[in-house]
Amino acid sequence: MDTTVNGEPATAPDPDAPAAGLIREGLGLTGTKVACGQGVCGACTVLVDGEPAASCLLPCSALEGRSVTTVEGLGGDHPVQRAFAAHDALQCGFCTPGFVVEAAAFTDRWRAEHGDTAPGRDEIADALAGHLCRCGAYQGIYAAVAAACTGAFDEDTGAEPPRAEAAEKVTGRARYATDSYPEGYWEAVLVRSPVPHARVRSVDTGALAGLGAVHTDLLGEDRTVRYTGRPVLAVAAPTRAAARAAAAAVRIDYEELPAALDTEQAGKPGAPQVYPDAKARRAAPSSNEAAAVPARWQGNVRGPAGLGFRRGTAVRRINEAHARGDRLLFAAEFSTAVQVHTPLEPHACTARWDGGELYVEASTQTVDGLARAAAQRWGLPLDRVHVRAHHVGGGFGAKAGLGLETVAAVELARLAGAPVRLVFDRAEELSDAGNRPGTRTRLAMLAGADGGLSALTVDSWGDGGVSIGSSTAAMAMLLYGRSPRRVRDHDVVTNRPPGSPFRGPNGAPMAWALEQAVDELADRLGEDPIALRRRWDGNPKRRALYDTAAALPLWRERPRGPQTGRFRRGVGVAASNWPYLLDPSARVELAVEDGRVVARTATQDIGTGVRTVIARVVREELGLEADQVRVETGDSGPVPGPGAFGSRSTTSVGPAARDAARSLAAELAGRGAGGAPVTREALKSAEGLRVTGRRTRDRRGPLTPAVNGGVVAVGRGLAGALHVMEVEVDTLLGSVRPLRCWAGVASGRIYAERPARNQAEGGVVQGIGYALFEQRVTDPATGAVLTDNLEDYRIPGIGDVPDIDVHFHREGWEHVPGGGVGLGEVTTVGVAASVANAVRAATGWRPLDLPITPARLLAGIG
Amino acid sequence: MSAPTDVAAAAALLERGGEARAGGTDVMARAATGAAAGPFTDLGRVAGLRGIEWDAEGAARIGATTTVARIAADPALREAYPALTATAAALATPQIRAVGTIGGNLLQRNRCWYFRNPAFSCHQDGGEGCPAREGDHRHGTVFDTSPCVAPHPSSLAAALLVYGARVEAVRSGETSVLPVADLYDPADGARDHVLAAGDLLTAVLLPPPAAGETAAYRRATARSRAEWPMVEAVARVVRDGGRVVSAAVAAGGVARAPVRLPEVEAALVGGAADPSAAAEAVAGLPGRCSPLPGTRYKAALLRDTVRDVLERALA
């Protein structure tokens, strides 16, 4: 079977194999990504005789005699590639090649038919409907495609792109862990439990030696599987087909146990026990970043873990208000669905051993943390462990620490004596790679006769499968001053896959309930919802956001009162806040190499723009041009850097980079080479100079000492956000369409404007997914995840997002060096609640359960 | 893989077993999970299966491997069969429409998340029982006519129903023609169409177009694009002056086969060709449904989607 790829002849050995495999492995053109394998996400899009096609579903036989163009074949200077870079139409970059290829074909066609005019949002959305961007960079994509169509990027403008690694990402050169196919590598697959609860009596791997495969056990001491899909062992063989055959040859004897497969059943007396005794309970995984607060267990229910201010007063006031039928008491039960992180790059690791040194290339949010954990687990000095993640295709919390994919690949690599590659398929990624636990939350909120917040009680039950540590109710401690409140958290464990931290863990489900309750009381008090929040919210930084939002035409001119037509519009608002975390151990090293300044730190860019942050700080401090600074992140090493979680990367490395740059300038000045701005001659004279900057201390220091090995401290102050969302509700067919969103963010100084804006836009997009579409569904009989593909697990597409206007309030963080803190999480926490309040404004119906599906909406509005 | 270049050779290859493959968008997705084992007979080089022909009376013959994108964009088809082209333009995604074919669309397997999951077995893959019926069947049928509860996924079939289209197939060396309506058996829980493994669907035959036709296609989805519909509906109205002379209405996402809705059609014929006629015509639809516990929402949604499509077709 002969074809042409990017102008070169190519031959496919297997006509039935998907073209994506030929392109990536056979030809080494790894710019073409495989993310869903089902033709849904578009990451694998290539042009076949100029027409976009999903190469994961295209048999090689269909390429016979045809001409294929991949992202590499576009050459890097297609107007669409320039426009994507200039408009920062990307974050992690994993979906970018697919978008770029499709958009290039669309742009060429559009211009041929319409000349150099900008298409509208609908035309662009129609053209790119077969692509998904989990980071939510759609705002930039709209702008980039429209601009490319006008001819604005026909010539190289010479302008520097707003993101340091933009060129690599728009050309497909950016290399991810899933692009690693080292010489002589073996492929690994996991053998997973087909039953939800069982003791594993025996594992017979006798057939493996004959098949040339190796295996490693993943079950642990108690030999018990507690959910369908739990990995039991991993096997590796020289090819994926051989590994699959070997996996199928393993015989496992399961002694099945009764299972608890939903929270309702699990909470009943006499329900099957997920954890039979204290020892098993102690080993339960946590869905949270911190260890779970100790709490009592009753069967499958753990808790309560309680917090509060004047708890007795709060409860008494609520009870009395209930008894007297006080209409300023709002009480309701809310629920949220399990949300799955769904990074487009799945969990992946390639591991190899070489002379007692361990080399790991992983899709990870924590190169440094992973190296430390690996060193500890395999008893190695830290300098013998080398973790690499130069580009990471999204994480959102699911890729922190030493993942099972790495454990398996490292063990198997030792046994195989070869590099071992383990990449989750989409079904694994959507089933057992972490999730945001579901919740059921009973909330009662009382306003006093004076219009103040009189009392609040919250009881929340987390639905994290076998994991514990839900602290949704606890997040209600962070907003609206110190008025009386009692908040209590529980877990209801079931025989289903464990949760893990997900962007704004616990905050998003809390905001869903809390911000709707505030809205409801504003309504009952007859007060503007922004004005009420401004009154109740003691946070001065967010107060500035309220003032700006209240003056927006989007808010002032919103429709009010009952509507009658089929399509109804509403505008809703929700506030959020988030703890300020930092990594006090973060360092940035600057070295003068080849006349340039090279910045190094063991952090990684998962799409957040941390490379760009470091580059900006160094350039600004030293007065350097773009070509004089290179940032090398994504390698573990002697310069510790933060993991990409807890919204703390920027505020940790920014000041460290500044500290390093100032040291470098001082050193140069000391050598008589002048300080900042640094001349090219000065750099040339300082070849080999090396300095390290530290994360300088906040004024008055952090609130808490650093924990988790010194890498996480809680700082003073809370980051804030306010979302004003406009939706259009189709009251006939039940869909909700977000039209416009104003996202106000109070996280202080912005280090890199466009990437920060992009991240805030992505927070809105993910919040809309949470609000309207996303819902993991499990089979009631087996607990197996049914939404294990991107068709059934629905994340927002380009046509589902509003026009987003991000506003930064840049003051209020003067006690933090650099003047700014993270915004990754606070920008998504309240989004779903703003959608709910907008739906309520449009229809009069308040959605209590997530997601707001058409079926629920139609039932709700009656 | 075999790649014949004429219909007879393709039919002969298919008789030996395996599956035909045109765009491959359904076959390859199932092959990835082991649900389609091959061998595959590629139809891409069979010239006689591709393209659109018109006879002297203005009736179209659409070759089975004509792509959905080609159908959506064909000006003559749009003029003659607007309900068909509107449906073609609305389904799936641009990349799928570019390679997916009309034959493949008609003969694709259902999208049930149990059937597509290799961990489960059911009527559809040679096993017993229906895990969806007992389990989570929120995307299932609302007309319960078969042991299987997966709705038929072909949008184009619904559109072809409103035209009374037929399909041409080579079966055991003989060419036969059957109405699209007979391509599916709503009582069959084991198969998604009635063609046997060795049969080759070669073309779709449309009757000559009617004058004065207006048509529309609508689907109810949560997201704006690229989602299998909860319910879809297609309507075709022929009017004379202000009166509806004939009406054809079909729905998908609701039954084991795409269905015509004769009661709705009857209520429209002879009445005013005006959007205000839609609401009354569809009022009885929920009562004719036989929903499953998890698909009750579809009874009203069917009514309202059909109402929406009629309001557009009658506008």
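**View 1. Domains of chain A in the predicted model.** The domain assignment, whose bounds are automatic or taken from a database, divides chain A into domain 1 (2-174), domain 2 (175-270 + 347-423), domain 3 (273-340 + 436-505), domain 4 (528-581 + 715-861) and domain 5 (587-694). In this predicted model, local features need pLDDT of at least 70 and side-chain atom pairs count only at pLDDT 80 or more, whereas totals for chains, interfaces and linings use all residues. Residues are numbered from 1 along each chain as its sequence is written, chains are lettered from A in the order in which they are written, and side-chain values use heavy atoms, without hydrogens and water.

**View 2. Contact between domain 2 and domain 4 of chain A.** The centres of these domains, taken over C-alpha atoms, are 37 Å apart, and four residues of domain 2 meet six residues of domain 4 in contact (heavy atoms within 4.5 Å). Together the two domains bury about 380 Å², 54% of it on carbon and sulfur atoms, where buried area is the accessible area (1.4 Å probe) lost on putting two parts together, summed over both. Thr228(A), Leu261(A) and Phe396(A) supply 89% of the area that domain 2 buries against domain 4.

**View 3. Surroundings of Leu443(A) in the largest nonpolar core.** Of the 145 residues in this core, Phe84(A), Leu443(A) and Met445(A) touch the most other members; a core joins buried (under 20% relative accessible area, 1.4 Å probe, protein chains only) Ala, Val, Leu, Ile, Met, Phe, Trp, Tyr and Cys residues through side-chain atoms within 4.5 Å. Leaving aside neighbours within four places in sequence, the contacts of Leu443(A) include Phe330(A), Phe334(A), Leu456(A), Met510(A) and Leu514(A).

Methods
Buried means under 20% relative accessible area, exposed over 50%, partly exposed in between (1.4 Å probe, protein chains only).
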